[in-house]
Amino acid sequence: MPSPPKISFQDVEVVFPTRGKSTVALQGFTLDIRPEGFTCIVGQSGCGKTTALNLVAGFIKPSSGRVLIDGCEITGPGADRTVVFQADSVFPWMTVRQNVEYGPAVRGIDPGARRRVADQLIAMVGLAGFENHFPRELSGGMKKRVDLARAYANDPKVLLMDEPFGALDVMTRDRMHLDLLRLYDEHRKCILFVTHDIEEALFLADRVVVMTARPARVRAILDAPFPRPRDPEIKTSPELQTLRRDTMALLGKSGEPELVEEGVP
Amino acid sequence: MSEVRPGVESVANRQSGNTTHARAVDSVRFLGVATVVAVLAAWYIVTVVIPLIPSLFFPSPPDVLRALIELRYSIIQHSVVTLYRVLTSFSVGSMIGIMIGLLMSRSRIVYAILDPVIEALRPVPPIALIPFFILWFGIGNFGKVLLSGLGCFMVLVVNTVVAVRNVPPIYVRAAASLGADPRTIYRTVVVPAIVPSLVSGWRVAAALAFALTVAAELMGAQSGLGFLVMVARRSLQTDVILLSVIILSIEAWFVDRAIRVLSNRVTPWMERLESK
């Protein structure tokens, strides 16, 4: 009995005008995201993964086709779809706590309640004691934790993650994976996660959507059949490595590799 | 929580960095004081010890001191008047400049209306307007404050519009996706994000306020350090002129210092290479 999709891309096309000629980022893109679960979109650099995510975030509009959340067309950014970006987007002029409380604060949640939520999430991402620090006093990984806590504090319907750990070093990234999975296991929030790292996708997600090169369509959808909570050992397991090779092959088939800058408007 | 450790280390490093840094700042500050002393000594030497320059062309420290003692009451009065004009025009002018700048970057319509006017007036040196201002407003406070305020206004309008344009879009997007409406984004993201770049505008505007106020006082006034210079010039009292210049530079230094201290206090979150 499949439940209605949380997010639904229906025959979406996105065309960017770039220097006279236009670039087709997405074409005939159709995809349903389940309400429960962790979905990763993988694809080559510049294939239009971020474009797909930006559509859900409401930062851009499709040239044709529709993008729906809970059956309603997305018209602009909203608190029900919080984004965690690759680049550092933690507000440097706010303390850690002010950052985490930002979403609830702008939505008018009373100070006592939002403080409880913030303190709990700050503790969960291991930043207890840093509540009153400014981001300049934190390392890159710690800032990313603030970003995660801030997104969760907002309690969105869906979390959108645009290569959130892409700029971190390998060790920090591995720790962030476990932190994110811990948050995921606790809240079971619908996550749409974009990455070009197949191993990351298979380790984190329930479903991995493989995209073709630009103009991007869905090439295949794989299941990552690993039990939760996920053990870090899974990353090096033969099963994951086999899946990784299969996914690689799927990505490789997608026409001539085009290594172009990600199509951001 | 072993994963927090790298961060803790980085914070600790920063703090230990600060103490060595403080020592460096101390010795640098000493250098600054030494320079001032050296300049004063050189001045004393070339005017008194081996009087290379006639005191009419360049008054000696004792000359200036004598002028100070002679004029002690009126010099205080003139200094206060000039400082008052500078501070009033600076604060009012830059405040309005920031507000108009924010309005212009908030609304395309306001921008379309005001931008041509501002761009047409901006290249005009306000000093050229002094005769008109005297004609229209007389030689009292109002015309001078208005002139200098206009200069500060121009600096801050342009500064604010550029600063808003340079706010990283990622912060705006992050705020929008956390549920902030455009007005809230303006208040909680755009305004705090531009403060650091406004500081340089404030410093330029403060220096300009001194220049314009003194220029206006030179052209027509009944008080102020510029007026004092003008009167002293007629009777070749170069010691009074130099005294006025020194007082102006001290006042300007304190105003600039105050802006710096104040701006450091309102942006404790800023990453700074050195605590100036």
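Which residues in α2(A) meet which residues in α4(A)? The close-up views below take this up, starting with the two chains of this predicted model.

**View 1. Where chain A meets chain B.**
Here, 28 residues of chain A are in contact with 24 residues of chain B. On chain A, the side touching chain B draws at least two residues from each of β6 (81–84), α2 (96–106) and α4 (140–153). Sorted by kind, the residues on that side of chain A are 15 nonpolar, 8 polar and 5 charged.

**View 2. How α2(A) and α4(A) pack.**
A pair of packed helices can be described by the angle between their axes and the distance between the axes. For α2(A) and α4(A), the angle is about 30 degrees and the axes are 7 Å apart. Angles under 35 degrees count as roughly parallel, so α2(A) is roughly parallel to α4(A). The crossing of these two helices, α2(A) and α4(A), is right-handed.

**View 3. The residues between α2(A) and α4(A).**
From α2(A) come A:Val96, A:Asn99, A:Val100, A:Glu101, A:Tyr102, A:Gly103 and A:Pro104, and they meet A:Val146, A:Ala149, A:Arg150 and A:Ala153 of α4(A). In this contact of α2(A) with α4(A), 7 residues are nonpolar, 2 are polar and 2 are charged.

**View 4. The two domains of chain B.**
Let's finish with the other chain. Chain B is divided into domain 1, covering 1–52, and domain 2, covering 59–266. Taken over C-alpha atoms, the centres of domain 1 and domain 2 of chain B are separated by 29 Å.

How values were computed. Residues numbered from 1 in each chain as written. Chains lettered and ligands numbered in written order. Predicted model: local features only at pLDDT ≥ 70, side-chain atom pairs only at ≥ 80, totals over all residues. Contact = placed C-beta atoms within 7 Å. Helix = DSSP H or I, 4+ residues; strand = E, 2+ residues; numbered from the N terminus. Nonpolar A, V, L, I, M, F, W, Y, C, P; charged D, E, K, R; others polar. Axes fitted to C-alpha atoms, helices over the stretch in contact; angles between N-to-C directions. Parallel < 35°, antiparallel > 145°, perpendicular 65-115°, else oblique. Left-handed = near helix turned anticlockwise from the far one by under 90°. Domains from an automatic or database assignment.
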